[in-house]
Amino acid sequence: SSQQNSAPPVNLPAPLPSAMVKRNPNFGKLASSYLFVEIRNRKEAFMAANPDAKLIALGIGDTTEPLPAVIVEAVKAKADAMGTREGYQGYPEPYGEDDIRKHIAKEIYKDAVSFDEIFVSDGSKPDLARFQFLSAAGSKIAVQDPVYPAYVDQSVIGGKTGENKEGRYENIVYMDCNPANN
C-alpha cells in the first residue's frame, strides 16, 4: 500500500569541494621511517647475528620498572573519585593542581620557589609543540643531533622547515653532539 511509504524523499545537496577538510601538506615532508622502528629492527638483526652478545641498548628510553605502589594507589583513588558527583572535577587547573604544585615547591625546591611559579604539564613533547606556536613562520629551529625524532617532526608538521635533504631538514640548525664538542 502506498501509505506505508508516504514520507517525502530527502534531497541532500552534494558536498561542496571547498567544504572538504584538506590535509596539512607538511605531513608529506616527514621522513618515511620512524626512528624507533629502525632502532628495534637493527637491534633485532644484530642480536640474531650475534646471539651471545651482551648488548646494552640505549636507543629507546623506555621504562624498566613498574610504577611505585603509592602512585598506582593514588591514580586508582583519583579515578574512583572521578566516578562520583562529589569527586568529579572536570578540566584540570591550567597550571596543574595546587596541592601537587605546593608539594613540589616544598619537597623538591625546599620552598626556594613559590608554588605559583611551578607549572605541571602533560609532557615535554606537547610543551615543545606549543612553544613552537609562539614563533613566526620562517623562524629557524635549532636541535641537538642526535635528537629525539618527535622534536623535529613537530617542526616539520608545524611548517617550520623546508624539505628533507639527505636526512636533514632545511631551516633547522643541527647542533652535532660528538666527542669534539663535549
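Q: Helices (H or I, at least four residues) and strands (E, at least two) are DSSP runs, numbered from the N terminus. With that in hand, where does Pro146 lie?
A: Pro146 sits in the loop between strand 1 and helix 5. This is a predicted model, where local features need pLDDT of at least 70 and side-chain atom pairs count only at pLDDT 80 or more, while totals for chains, interfaces and linings use all residues. Residues are numbered from 1 along each chain as its sequence is written, and side-chain values use heavy atoms, with hydrogens and water left out.

Q: What kind of peptide bond joins Asp145 and Pro146?
A: The bond is cis, with omega at about 15 degrees.

Q: What makes Val147 a contact partner, and which residues are its partners?
A: Contact means heavy atoms within 4.5 Å. Leaving aside neighbours within four places in sequence, Val147 is in contact with Leu35 and Val152.

Q: Why is a set of residues called a nonpolar core, and which residues form the largest one?
A: The name is for buried Ala, Val, Leu, Ile, Met, Phe, Trp, Tyr and Cys residues joined through side-chain atoms within 4.5 Å. Buried means under 20% relative accessible area, exposed over 50%, and partly exposed in between (1.4 Å probe, protein chains only). The largest nonpolar core here has 8 residues: Ile141, Val143, Val147, Val152, Val156, Tyr169, Ile172 and Tyr174. Two or more of its residues come from each of strand 1 (141-145), helix 5 (149-157) and strand 4 (172-176).

Q: How do you know which class Asn171 belongs to?
A: Its relative accessible area is 22%, so Asn171 is partly exposed. Asn171 is in the loop between strand 3 and strand 4, and has a positive phi of about 75 degrees although it is not a glycine.

Q: What makes a nonpolar patch, and which residues form one on the surface?
A: Patches take residues with over 30% relative accessible area and no salt bridge; nonpolar side chains (Val, Leu, Ile, Met, Phe, Trp, Tyr) are joined within 5 Å, and like charges within 9 Å. Leu67, Val70, Ile71 and Val75 form such a patch, with about 390 Å² of accessible area together (Shrake-Rupley method, 1.4 Å probe; for residues, only the protein chains shown count as cover). Leu67 is in the loop between helix 1 (35-49) and helix 2 (69-82), and at 58% relative accessibility Leu67 counts as exposed.

Q: Why is the pair Arg40 and Glu44 called a salt bridge?
A: A salt bridge needs a side-chain nitrogen of Lys or Arg within 4 Å of a carboxyl oxygen of Asp or Glu. Being 4 residues apart in helix 1, they are separated by about one helical turn. The structure holds 10 salt bridges.

Q: How do you know that Asp176 and Arg168 form a salt bridge?
A: Their closest N and O atoms are 2.7 Å apart, so this pair meets the cut-off too. Asp176 is partly exposed, at 37%, and Arg168 is partly exposed, at 31%. Elsewhere, salt bridges that share partners join Asp122, Asp127 and Arg130 into one network.
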